[in-house]
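Thanks for coming, everyone. Please look at the sequence and the model on the screen while I talk.

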Amino acid sequence: MTALSNVLIAVAVIVLVVGRQLRARRLDTERRFWLLPLILAAVALRDPVLIDPAHKGAAALILAGSLVTTVGMGCAWGWTMRLWRDQEGQLWTQGSVATVFAWVGAIVIRIGWYGVGTALHVHQSTSVLMLSLGLLLLVRSAAVSWRARQLDDHKHTLAA
């Protein structure tokens, strides 16, 4: 895929996901939350220059650091989601102002990693953006799912 198509796909996914997260919606805990992140990762990992061959060590460190901070941002984003049960016991979720700030923070950090790479003259493929986005979505969904299970466990503990 071309760099432009990777960026356009990433922007489309971000707009779709953020738009959905800011609306109250029923949480489907049986949903395959890993499918979209898996697709994004598969597309990214097909890139033969995911790691700059001229600067392998620096590129690998930047990629690793980027992915570690992406995991942190995914956790933060997952914790910004409001979870509650309606009168029928259905689980609902909705993003908050903090969710928007988490997204802005993730974008700023992503730009920062690109800045580090540029300063070190490391070519960074746009596939890194796709891989990071997939990881971000996976971690966020896992965090929300974990919180939903904790909410259920807490409810069962109170009933006992």
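I will go through the sheet, then a surface patch, then the cavities.

A word on sources. This is a predicted model: local features need pLDDT of at least 70, side-chain atom pairs count only at pLDDT 80 or more, and totals for chains, interfaces and linings use all residues. Residues are numbered from 1 along each chain as its sequence is written, and side-chain values use heavy atoms, with hydrogens and water left out.

Start with the sheet. Helices (H or I, at least four residues) and strands (E, at least two) are DSSP runs, numbered from the N terminus. Two strands pair if DSSP finds at least two bridges between them. Here, 3 strands make an open sheet in the order β1-β3-β2, and the pairing is antiparallel. β1 (25-26) and β2 (82-85) are the edge strands, each pairing on one side only.

Now β3, residues 91-94. 4 bridges join β3 to β2. Arg-85 has Leu-91 as its bridge partner, and Leu-83 stands opposite Thr-93. On the β1 side there are 2 bridges to β3. There, Arg-25 stands opposite Thr-93.

What lies between β2 and β3? They form a hairpin with 5 residues between them. Gly-89, in the turn, has a positive phi of about 90°.

Next, the surface. Trp-34, Leu-35, Leu-36, Leu-38, Ile-39 and Leu-138 form a nonpolar patch, with about 510 Å² of accessible area together. Nonpolar side chains (Val, Leu, Ile, Met, Phe, Trp, Tyr) are joined within 5 Å, like charges within 9 Å. Areas come from the Shrake-Rupley method with a 1.4 Å probe, and for residues only the protein chains shown count as cover. Helix α2 (residues 35-45) gives the most to the patch, 4 residues. Trp-34 sits in the loop between β1 and α2.

Last, the inside. A cavity is a set of points on a 1 Å grid, over the protein atoms alone, where a 1.4 Å probe fits but cannot get out; lining residues have an atom within 4 Å of a point. How many cavities of 30 Å³ or more does the structure hold? There are 2.

Terms used: Patch = residues over 30% accessible without salt bridge, like charges linked within 9 Å, V, L, I, M, F, W, Y side chains within 5 Å. Salt bridge = Lys/Arg side-chain N within 4 Å of Asp/Glu carboxyl O. 1 Å grid on protein atoms, 1.4 Å probe; cavity = no way out; pocket = protein on both sides within 12 Å on 5 of 7 lines; lining within 4 Å. Points joined across faces, edges and corners; volume = space filled by probe spheres on them.
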